[in-house]
Amino acid sequence: MSVSIGKNRRRALGLSLGLLLLGRPALGQTPKAVRIGVIRGAAVPVLDVNQQGFEAALAGAGFKAGVNVSYDIQTTGGDPQRAQAIVQRFIEDKVDLIHSMGTAPTLAALRAGAGVPVVFSAVTDPVSAGIVPEGSKPGQPSGTHVTGVSDRWPIALQLETYARLVPQARTWGTLYNPAEANSVVQARLLRETASRLGLQLVEVPVARTAEVRQAALELAGRVQAIFVISDATVSADIGAIQEASDRHRIPNFTGVSSSVQRGALAAFGIDYFLAGYAAGKKAALVLRGVPPGQIPWNLAEHFGLVLNQRAAKALGITIPAEMLRIADKVVE
């Protein structure tokens with residue numbers, strides 16, 4: 001974790017260059033104009049960053065927005081019928097590729113059954129969700145018309161790390177949408193890890209983003225710390241969780257570094273720009289003519305620890321010197 005996120009980005013950009021050059025057209029040849037449909041569950045900052053990485057990878061491969069590629073970015077708001085309508089419109093508009101962010105949007109893209117190439121990102125468990133075939137492992141091709149990058153969080157390692165920061169916190173809480181497959185998986189892993197560490201976990205289900213604010217307030221009054229897992233429904237109102245934490249003077253943790261700037265005590269998680277960039281590299285290969293089923297899907301690889309010293313002082317928490325030493329970034 002001592003390697004900075006910035007260095008990780010530069011390394012990823014460098015490693016990807018050779019792969020993308022293999023798919024470049026001959027000198028002087030311009031890639032044909034393409035249309036890409038983008039579907040996501042919510043308009044949240046982390047997915048904006050993910051899309052930025054995706055577009056950066058394609059631009060590096062010669063597919064530049066406003067020049068020879070156009071993006072139609074649509075948000076489902078968690079509505080399955082809207083998701084279906086969005087994908088149907090993509091098909092009618094004859095998009096060349098769909099970039100799906102999140103489990104539900106990816107499933108909607110696949111269920112359309114039109115065979116449009118799909119490159120996913122921000123999907124926690126593509127195997128359990130049925131996005132890639134059962135038994136498929138990271139680094140293996142799907143053999144279908146889908147490939148992508150999973151953002152599966154190391155839930156056990158995250159909770160272990162956060163528990164070291166606040167050893168006095170014995171009761172933890174989380175919110176999640178039981179209708180989101182990735183959230184159910186994460187909640188289970190969190191539950192198992194909490195039990196192993198001798199911690200109590202209070203779980204609060206929410207069905208809609210409109211429920212998050214009240215649920216967060218009630219949860220914050222019952223626990224000593226909150227772990228915000230990767231859940232599109234909850235993340236769409238992440239500010240409400242910070243407000244509830246501030247009101248009850250308890251720390252909250254997540255796997256998204258930008259949340260630390262908003263007041264979270266720590267985030268040990270994925271660089272979503274790089275996750276989107278990795279997905280964009282796969283999309284570039286697809287647009288060059290490589291069948292998506294022959295391009296291995298992968299797990300996001302670059303993680304970093306960001307700590308909020310300012311929030312720690314406000315809460316009367318002392319961050320161990322060792323944790324400060326290994327952090328990629330400390331917000332003073």
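**Reading helices, cores and salt bridges**

Author: E322 is partly exposed, with a relative accessible area of 38% (buried means under 20%, exposed over 50%, partly exposed in between; 1.4 Å probe, protein chains only). This is a predicted model: local features need pLDDT of at least 70, side-chain atom pairs count only at pLDDT 80 or more, and totals for chains, interfaces and linings use all residues. Residues are numbered from 1 along each chain as its sequence is written, and side-chain values use heavy atoms, without hydrogens or water.

Reader: Which side chain meets that of E322 in a salt bridge?

Author: Side chains of opposite charge can pair when their charged atoms come close. Here the partner is R325, at 2.9 Å from N to O (a salt bridge needs a side-chain nitrogen of Lys or Arg within 4 Å of a carboxyl oxygen of Asp or Glu). R325 is exposed, at 59%. Both residues sit in helix α13 (residues 321–326), 3 residues apart, so about one helical turn separates them. Helices are DSSP runs of H or I, at least four residues, numbered from the N terminus.

Reader: How many residues apart are R188 and E192 in helix α6?

Author: An α-helix has 3.6 residues a turn, so residues three or four places apart point the same way. R188 and E192 are 4 residues apart in α6 (residues 181–196), about one turn. Their side chains form a salt bridge of 3.4 Å, N to O. R188 is partly exposed at 37%. E192 is also partly exposed, at 44%.

Reader: Which salt bridge links distant parts of the chain?

Author: Take R213 and E243, whose closest N and O atoms are 2.5 Å apart. R213 lies in helix α7 (residues 212–220) and E243 in helix α9 (residues 238–248), 30 residues apart. The structure holds 10 salt bridges. D72, R89 and D93 are linked in a network of them.

Reader: Which residues of α2 are buried?

Author: They are V46, L47, N50, Q51, G53, F54, A57 and L58. They cover an arc of only 155° around the axis, which puts them on the same side of α2. The arc is taken from the directions from the helix axis to the C-beta atoms.

Reader: Which residues have the most contacts inside the largest nonpolar core?

Author: I36, F54, L58, W172, F227 and F253, in a core of 61 residues. Such a core joins buried Ala, Val, Leu, Ile, Met, Phe, Trp, Tyr and Cys residues through side-chain atoms within 4.5 Å. Helix α11 (residues 272–287) gives the largest share, 8 residues. Apart from this core lies another, of 20 residues, including A109 and F120.

Technical notes. Helices (H or I, at least four residues) and strands (E, at least two) are DSSP runs, numbered from the N terminus.
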